[in-house]
Amino acid sequence: MFEDKYEALKLRNQLCFPMYASVRETIKSYRTYLTGLDLTYTQYLAMLAFWEHKKLNVKELGEKLFLDSGTLTPVLKSLESKGYVTRKRSTEDERVLIVEITEAGEDLKDKAIEIPRSMATLVRLDAEETVQLYRLLYKLLGVPEEDIAY
């Protein structure tokens, strides 16, 4: 692939680098909107899942967000302390923690409604490129084509 054996070690030849830098810049842009909601980016992702599904156990949430329970635990504790979700053990299996959105969490949805539209204006891609990137990123994550929304 490369003539020089060290060419592969150049920063510009790393697929991971533009992905990493793009994600960092994207999250930085989200902070502009999330600060007013008193949410971190990861808390926002969790709230997106709860606005859609209302009630999830931690394992289900982790699968949706590609996060482990060790990462989710402090996020969920913080969301609970803000009154946006409740956490309780399953009556069928004590090991399962059920998380459910509260009325305050639902109310937050109206305050967040403009975030996706605002973020879309910052993306330097046309509609077709955006859909292509969306599909490729989910493909990298191993999501089957039929499960991809776009």
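**Entry 1: a term first.** When I write "contact", I mean heavy atoms within 4.5 Å. I also note that this is a predicted model.

**Entry 2: N57.** I started with N57, which sits in strand β1. Leaving aside neighbours within four places in sequence, I found N57 in contact with V96, L97 and I98. Is N57 buried or exposed? N57 is buried, because its relative accessible area is 17% and the cut-off for buried is under 20%.

Next I checked what the side chain of N57 reaches. One of its polar atoms lies 3.0 Å from the backbone nitrogen of K59. The side chain also reaches the backbone nitrogen of E60, at 2.7 Å.

**Entry 3: strands around β3.** Which residue is the bridge partner of N57 in β3? I looked it up, and the partner is I98. Strand β1 covers residues 55–57, runs antiparallel to β3 and is joined to it by three bridges. Strand β2, residues 85–89, is also antiparallel to β3, with five bridges between them. In that pairing I saw V85 opposite I101.

Then I followed the side chains along β3, residues 97–101. L97, V99 and I101 point to one face and are buried.

Entry 4: Which helix gives the largest share of its lining? That is α4, with five residues. Both α3 and α4 (69–81) supply at least two residues each. By class, I have five nonpolar, three polar and four charged residues in the lining.

**Entry 5: the largest pocket.** I put the volume of the largest pocket down as about 2,400 Å³. Its lining has 43 residues, and T26, Y41, Y134, L137 and Y138 lie nearest its centre. I sorted the lining into 31 nonpolar, six polar and six charged residues. Helix α1 makes the largest share of the lining, nine residues. The helices that each supply at least two residues include α1 (16–34), α2 (41–53) and α7 (127–140). I also have α3 (58–65) and α6 (115–120) down as supplying at least two each.

Key. Residues are numbered from 1 along each chain as its sequence is written. This is a predicted model: local features need pLDDT of at least 70, side-chain atom pairs count only at pLDDT 80 or more; totals for chains, interfaces and linings use all residues. Side-chain values use heavy atoms; hydrogens and water are left out. On a 1 Å grid over the protein atoms alone, a cavity is a set of points where a 1.4 Å probe fits but cannot get out, and a pocket is an open set with protein on both sides within 12 Å along at least five of seven lines; lining residues have an atom within 4 Å of a point. Grid points are joined across faces, edges and corners, and a volume is the space filled by probe spheres set on the points. Helices (H or I, at least four residues) and strands (E, at least two) are DSSP runs, numbered from the N terminus. Ala, Val, Leu, Ile, Met, Phe, Trp, Tyr, Cys and Pro count as nonpolar, Asp, Glu, Lys and Arg as charged, and the others, Gly among them, as polar. Buried means under 20% relative accessible area, exposed over 50%, partly exposed in between (1.4 Å probe, protein chains only). Two strands pair if DSSP finds at least two bridges between them. A polar contact is a pair of N or O atoms within 3.5 Å; within protein, one must be able to donate a hydrogen and the other to accept it, and residues adjacent in sequence count only if both atoms are side-chain atoms.
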